[in-house]
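Student: I am new to this structure. Could you take me through it step by step?

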Amino acid sequence: MNKEKLKIAFYWAASCGGCEIAVLDLNEKILDVIQLADIVFWPVAMDIKYKDVEAMPDKYIDICFFNGSIRNSEQEHMAKLLRQKAKVLVAFGSCAHEGCIPGLANLHNRKEIFATVYLKSTSVSNQNGVVPQPETTVKEGTLRIPEFYDTVKTLGQTVDVDYYLPGCPPPVKLIANAVDAIANNALPPKGSVLAPLKSVCDECPRKKENKKISKIYRVYEKTPEPERCLLEQGILCMGPATRSGCGAQCLTVDMPCTGCGGPCPNAPEQGAAMISALASILGLEEEKDKYSNEDVEQLLSQIKDPVGTFYMYSLPSSILGRKVMK
Amino acid sequence: MKEILIDPITRLEGHGNISIFLNEQGEVENVYLKIPELRGFEQFCVGRRAELMPLLTTRICGVCPVAHHFASVKALDAAFNVEPPSAAKKLRELMYAAYFIYDHTLHFYYLGGPDFVVGPDAPPEKRNILGVIEKAGLDIGKEVIKHRAYGQKMTEFIGGKATHPVCGLPGGVSKPLSEENRAEIGRMAESSVKFAQFSLKLFHDIVLGNTKYVDLIKSQSYTLKTNYMGLVDENNKVNFYDGKVRVVDQNAKEILKFEPKEYLNHVAEHVEPWSYAKMPYLKKVGWKGLVDGADSGIYRVGPLGRLNTADGMATPLAQAEYELMYKTLGGKPVHNTLAFHWARLIELQYAAERALELAKDPEITSKDVRAKPGEPGEGVGIVEAARGTLIHHYVLDKDALMKDVNLIVATTNNYPAICMSVRDAAKGLIHGDKVDQGVLNMVEMAFRAYDPCFGCATHYAVGQMPLIIKIYDSERKLLKTVSR
């Protein structure tokens, strides 16, 4: 077999670098990737320049793995450029997929964020109220930095995306599976999420006894029994509403799922799916008659910060999207 | 005035842009290192459940999530007024040592090391991890991959996940360590001790055995006389996870030693409009601009900062190498920026030795790993991230929701010094518009030594930043483009 090597690109936008580390965590498997493909663009990793990407013919890159969300003007530019140059664009990791934790910034806007970071912060000394500007004139000339947007967007909200690789970061197993699918030309239909069609609960070894709960505990308030379902012990776990692929890794150290895998296949609104799962385990669904409105309110009021809890990774991609600012 | 713009092609978060201005004589007038990134954690963490902070803040950095995880957990210990059981503290410190093994290995072999191992003026396409493997041999390359992975694996045993761990709780950790995992960690730590010794030998053979490199390390272009900051234990030895913050001056004399909760008395931050990053300085000196020397309030953190700050290392192999470094470079403090690399390897040695000590500690598998938190309040947590002192400061409301968050991260502490290092290297190396790739890389080496984490994405790198330098004349007409 003497096939031409695939051309692969890696890129990141607003992200933490954890997705890049996840690629490194392939360890020796990374050698398979190099066998299979030429890496034609990997900023900081490879000596291939921005202008070289611009000079590439359209659809020159076979597959571009893009991580990070779109937070400023430069990132938006690069997303559009790489969409143009790549045959297949994969949203790699939770930020590109759904906005992830930095997407919680959509509860605020630029003005609020700047005020908190540069003016009100307890360690800042800034009598003149200086905040960063896209252009600053200094005595030697003009200095430019990218424009910070009000709203965090996902990659899919910025350009057309072909596949999604979920997780924060994507589990190594899912990355390896995706590489194999590419190698064997066995990618699923466009628009697919490259993860099992199951929830985290389906992968979790903990015992479920279909017990109802009446009180919700915060993780530091209760030491859970080691083998039993955390949700059935009253500890909020996003497992029922979260797509699997991670092997329920957080649960192995007795900590709940917080939802980084994104929504399950048939319930795209992760937060709503979790609230509905919770209503059922709180006994609100089956035993509607037993509870007064006040009881229901009392039960649900135990959940502090519902947006940050149920949409911790998915606010930008959810129907909520962002907080409407006055 | 001419401008040389050093711009990583992407120009987005995780990168710095450098503008170098030349005067009419073609000499460097000034240099600006701009950070184009902001994500606003201090704002959007407000209103969240406090116990989520160790998870939310790991997303500041996917390369050093363990540092944020434990700075956060320690801030919560303080805020909930709870003292974790001894075994929990040891488990945290063990995981922390494992993280240093992974992170320092990553930097030395993948990022900073290639400049020395392959050579500062080697062809750019060789100056990366593959070039290191080529020069040092494939077997060594495999050892590097293996020990980086060990660091991650040890972290995963305790943290659940290595990238974005979840085990930290106010008052302890979520789960005791099993005997099986302890044995495995012990085996990996033992191997890491030898790997660190090997790495130091490699450094001696390739770097210190070459007078050209030693001269470079000692040269004026890479020297900055600053204050230094780091955590020290009760014997003033380097400690990554806990202790008091000590600050020494340009002559290595102690000028401050304080508890984490007192940090606001001693540190403040200055804002410039041309960068998203803030510039910390010592309050007792005040903001004097980007200057070093006796009147400067600027301090450095990270491997060299810690070693200059402390009186030594708490483990034998690391201590021996510590003494050798100061003997070789002319005593304390060492102001040579490129000595960060040596200091980093000494810390790799310490981290591996410390991990092994802890893995052998009978208490490490104790089931007593959680204490009950008290009422929510205010707390500060400080750890030493691989890149330096990391401060998390939280105020919680009565429902243990976040009311106020202040963060000073490691690279922010170093930001003013990095600006100066880049400026001084440019002034020493750039004369007129004769800028070639060798010169470019030498300017880069000035900031690469710090293992900078601009926006947390840049410091994972299998080589070097691709650069474009554009040289303009005073009418902003493009004279020359140098790229690689």
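Tutor: This is a predicted model. Helix H7(B) has 22 residues and reaches 31 Å from its first C-alpha to its last, close to the 32 Å expected at 1.5 Å a residue.

Student: Which residues of H7(B) are buried?

Tutor: They are B:Val144, B:His147, B:Arg148, B:Tyr150, B:Gly151, B:Gln152, B:Met154, B:Thr155, B:Glu156, B:Phe157, B:Ile158 and B:Gly159.

Student: And what covers the buried residues of H7(B)?

Tutor: The cover includes four helices of chain B, namely H3 (65-79), H4, H8 (179-208) and H13 (340-360).

Student: What follows H7(B)?

Tutor: B:Gly160 does, and its phi is positive, near 90 degrees.

Student: Let us turn to the sheets. In what order do the strands of the open sheet in chain B come?

Tutor: The order is E8-E7-E6-E11, and the pairing of these four strands is mixed. Strands E8 (254-258) and E11 (299-300) of chain B stand at the edges with a single partner strand each, so one side of each has no neighbour in the sheet.

Student: How many bridges are there between E7 and E8 of chain B?

Tutor: There are four, and E7 (residues 244-248) of chain B pairs with E8(B) in the antiparallel sense. In this pairing, B:Val248 has B:Glu254 in E8(B) as its bridge partner.

Student: What about E10 of chain B: which of its residues are buried?

Tutor: Strand E10 (residues 279-282) of chain B is covered on both faces. B:Met279 and B:Tyr281 are buried on one side, and B:Pro280 and B:Leu282 are buried on the other. In a regular strand, side chains alternate between the two faces of the sheet.

Student: Which way does E9(B) run relative to E10(B)?

Tutor: The two strands run antiparallel and are joined by four bridges. B:Glu269 stands opposite B:Pro280 in E10(B).

Student: Now the two chains together. How many residues are in contact between chain B and chain A?

Tutor: On the chain B side 82 residues are in contact with 74 residues of chain A. Elements of chain B that give two or more residues to this side include strand E1 (2-8), helix H7 (138-159) and strand E14 (402-408). By class, the side of chain B that touches chain A has 40 nonpolar, 22 polar and 20 charged residues.

Student: Which residues touch the most other members of the largest nonpolar core?

Tutor: They are A:Ala9, A:Cys64, A:Phe66, B:Ala355 and B:Val422, in a core of 248 residues. Helix H4 (residues 86-112) of chain B gives the most to this core, with 17 residues. In soluble globular proteins, nonpolar side chains tend to be buried together.

Student: What is A:Ala9 in contact with?

Tutor: Leaving aside neighbours within four places in sequence, A:Ala9 is in contact with A:Val40, A:Phe41, A:Trp42, A:Ile61, A:Cys64, A:Leu82 and A:Ala86.

Student: Which domains does chain A have?

Tutor: The domain assignment gives domain 1 (6-101 + 151-183), domain 2 (108-149) and domain 3 (200-310). The centres of domain 2 and domain 3 of chain A, taken over C-alpha atoms, are separated by 41 Å.

Student: Finally, how many helices and strands are there in chain A?

Tutor: Chain A has 11 helices and nine strands, and buried residues make up 47% of its 326 residues. Chain B has 15 helices and 16 strands, and buried residues make up 65% of its 484 residues.

Methods:
Residues are numbered from 1 along each chain as its sequence is written. Chains are lettered from A and ligands numbered from 1 in the order in which they are written. This is a predicted model: local features need pLDDT of at least 70, side-chain atom pairs count only at pLDDT 80 or more; totals for chains, interfaces and linings use all residues. A residue is buried if 20 or more other C-beta atoms lie within 10 Å of its own, exposed if 12 or fewer, and partly exposed in between; C-beta atoms are placed from the backbone. Two strands pair if DSSP finds at least two bridges between them. Two residues are in contact if their C-beta atoms, placed from the backbone, lie within 7 Å. Ala, Val, Leu, Ile, Met, Phe, Trp, Tyr, Cys and Pro count as nonpolar, Asp, Glu, Lys and Arg as charged, and the others, Gly among them, as polar. Domain bounds come from an automatic or database domain assignment. A nonpolar core is a set of buried Ala, Val, Leu, Ile, Met, Phe, Trp, Tyr and Cys residues joined through C-beta atoms within 7 Å. The expected span of a helix is 1.5 Å times one less than its number of residues.
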